[in-house]
Amino acid sequence: MARDLTYTRNIGIMAHIDAGKTTTSERILFYTGKTHKIGETHDGTATMDWMAQEQERGITITSAATTAFWKYKDHTYQINLIDTPGHVDFTVEVERSLRVLDGAVATFCAVGGVEPQSETVWRQADKYNVPRIGYVNKMDRIGADFSNVVSQVKERLGANAVPIVLPIGNEDKFRGLVDLIYNNAIIYDESRKDQLVNYDVVEIPAEMAAEAAEARAHLIEEVATVDEALMEKFFEDPDSITPDELIAAIRKATCSMTIVPMLCGTSFKNKGVQLLLDSIMAFLPSPMDVGAVVGQTKEGEETKREPSEKEPFCALAFKIATDPYVGRLAFIRLYSGKLDAGSYIFNSRSGKKERISRIYQMHANKQNPMDAIGAGDICAVVGFKDIRTGDTLCEEGGNIVLESMTFPEPVIGIAVEPKTQKDLDKLGVALGKLAEEDPTFTVKSDPDSGQTVISGMGELHLDIIIDRLKREFGVEINQGAPQVNYKEALNGTVQHREVFKKQSGGRGKFADIIFEIGPADEGVIGLQFIDEVKGGNVPKEYIPAVQKGFESAMSNGPLAGFGVDSMKVTLKDGSFHPVDSDALSFEICARNGFRQAGVKANPVIKEPIMSVEVVTPEEYMGDIIGDLNKRRGQISGMESKGTARVVKASVPLSEMFGYVTVLRTLSSGRATSSMEFSHFDAVSPNLAKEIIEKSGGRKQELE
C-alpha cells in the first residue's frame, strides 16, 4: 500500500561549525526512539558522526542520512534526516544535501549568532528554495541571547525571523520556554529519570505575561499576511484565534518562505528538542507540499513529475559513498514512481541501464534492507556500475534530466606518493573511490614530474582525505607541501598560421591552419570554437580533430603549464595534402599552434582569492589588519559583533597557508577565522615571473 506522503518530512540540519547540529541530530534520534543511549560529539560517541575522523575532531564531514519516526497529533510521521557538515571545506556536502531536501532546520549558537558559515549555507538554501525553521541552540551558555540572534537573522540573512517561543531564563538559569502558539509555558526538569518526558506544561510566569502577549500579537500579525480570514479575526478579536488556526497559518507562511519561525533550546541539556520535532512536523513541507519536480527532456523541453507512486520512476543521486561491508552506495531521492530491489533503471547522463540489486533505508552507517521504496523517500542503493553525484535516474526509456549540481573547482593541491612501492596500485584505487564520492576532490598526474597531485577545497579537506587513505584503505603516503592551483588566461587576440610537416620515409604528416585565438565571450567556460573555413580548404572531416587539438592543449597553458579555463578559437583557413593529411596531423597542428600563438595572446597567470573573515577582540585588531595587509590582503569591511570586531578581507590563497597558527599567536588564541573561495584574479608581472620560475615554465616570455 502506498504511504501517505503528507506524513513524510525530508529535512536537513544546517549551520556554522560548532553550533550543535550533530548534538541536535543525536537528540532527535533519541526522542524518536532510534537510539536508547544519547551519543555525544565531545565524547566521540555521536551516532551520526560515524567516521573515525569525525569522532576525533568533533566535526561532521559527511552528511549522514537517517530515517526516524515521530508521533505528532495522533499521526506517526516519517523523518528522513540528513546531518550536514558545518565546515566551509565541505560546503559541497551541504550543497548536494540541500538539493534534495524539502525543508531545513537552521541551527544557530545562542552566543555566536549568525556566523560566516551560517551565511554560506543560508545562501545555498535560498538557491534551492528550501523553507526553514530557525533553532537557537546552547541557551545555557554564558552570553546566550535569543532576541539578539533573531535580530541578526533579520539583519544579516535578510530573513523574516519570527519567534514562536520565548526562553524562560537564560545562561545557567535557562529552565523552559513560553509557547506562543498554545499560550502556555514548558518547564524542564533535569532530575527526572524519564528523559523522554522531562517537562511540565504550566501557566506562563506572571512576570513574562506582558512580554508573551506582545510577542504573540507580533507572531499573529506576521502570519496573518498569508491568511485573510486570520487577518479579519486579528482585527476583530485577537483572543478568538485558536492554536490550530495559528499553526495552519504559520505552516503556510513557512512553506511559502514568508517567515522563518524561530525556536530555542539547549540540545545538550535535552531542553527544547521535543518542541523542535513538533515544529518540524507542523511547519515544514511534505513532498506533497513541494509538488512536482521540474526537469528537462533531451530536446530541452520542460517536463514534470508529480510526487506519486503512479507516476514514472524518477530520482536524483545526491551522494556516492563507500561502505566497508556493502561496497559502493548511492544515496538517492525518489521524486516519483517506485523502485523495487533487483529492478533495472536508466541513467540519463550515461544513457545506460543500471541494475539496483539492494535498497537500504539508512540509519547513519547501518542499513535496513527494503524490498521497495516509493516517491518522496530518501534511500541508499547498491549494485550499480556507474552512478555519479548529480545523476538523474529514471525508468527505462525515460526522457528526463533533473537540474544537475554545479560544484566549485578545487583550489589547493599536494603531491602524494605511497611510502612503499607495493602500495602504488592500492593508492590509485583508493584515490579513485574518494574522487567518485566527492566532486570537489580531484586526482591527476603531473606529466612533467610524474607525480600524483590531489586537489581539494582547503587544507582541512586534504588532511581528512589523507587520514581516510590511511584508515579506510590502509595506504601510508608521503606528501609534499601544499600548492596553489593557479590558472592561465589569454587577454589578447592574435592571428596565427601553423604548419605541421613530417617526412620520415613513406607516408608523411601534413596539416596547415590559420586561426585567431583570444579570450572567450563573457560567461563561456571551456573552448569556444568557430569554424569559418570556406571552400573546403580544410576538409570537414578534419575540423573536429582541430577542435580536439585545441581542447586538449588547454590543460597546459602557454606560460607555466597551468590549465586555461576558457578561450575562443576561430578557424579561418588552411590547406591539406591529399595523401599526407589525416585527422591526427590536424590535431597535432592545433596543439602546436596553441603553444606558439598562446604566448603572443597576452597570457596572464590567475590565482585563487579567498574571502577571509576574522572575529577578534578589539585590542588585537591593529596587528591582525597589519598581518593581512602583509599577505597582499584587501580589507573589504569591518563591523562590531557584541564586544568583538569582525574583519572581512580578500586574500590570495598562496599567502594563507598556516594562517590559523599565526592568528593564534597574534591574538593569544582569542581570534577565530573562516575562509572560503571567492574568485580567480590575475597576478602581478613580478609574481608571475616567480611562479613561472618555480614551475620551470618559460621565463623569457615575460622579459
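This tour moves from aromatic rings to a sheet and the helices lying across it. The model is predicted, so local features need pLDDT of at least 70 and side-chain atom pairs count only at pLDDT 80 or more, while totals for chains, interfaces and linings use all residues. Residues are numbered from 1 along each chain as its sequence is written, and side-chain values use heavy atoms, with hydrogens and water left out.

Select Phe 234 and Phe 235, whose rings form a tilted pair, 5.6 Å centre to centre with 55 degrees between the planes; rings of Phe, Tyr and Trp (its six-membered ring) pair if their centres lie within 6.5 Å, and planes under 30 degrees apart count as stacked, over 60 as edge-to-face and the rest as tilted. Phe 234 is buried at 14% relative accessible area, whereas Phe 235 is exposed at 64% (buried is under 20%, exposed over 50%, partly exposed in between, with a 1.4 Å probe and protein chains only).

Next, select Trp 122 and find Arg 132 over its face, 4.5 Å from the ring centre; a charge sits over a ring if NZ of Lys or CZ of Arg is within 6 Å of the ring centre and within 35 degrees of the ring normal. At Tyr 344, the charged end of Lys 353 sits over the ring, 4.9 Å from its centre.

Finally, colour the open sheet of 4 strands, ordered S31-S32-S34-S33 with mixed pairing; strands (E, at least two residues) and helices (H or I, at least four) are DSSP runs numbered from the N terminus, and two strands pair if DSSP finds at least two bridges between them. Its edge strands are S31 (494–502) and S33 (526–531). Helix H14 (residues 583–600) lies across S31, S32 and S34, with contact meaning heavy atoms within 4.5 Å.

Notes
Axes fitted to C-alpha atoms, helices over the stretch in contact; angles between N-to-C directions.
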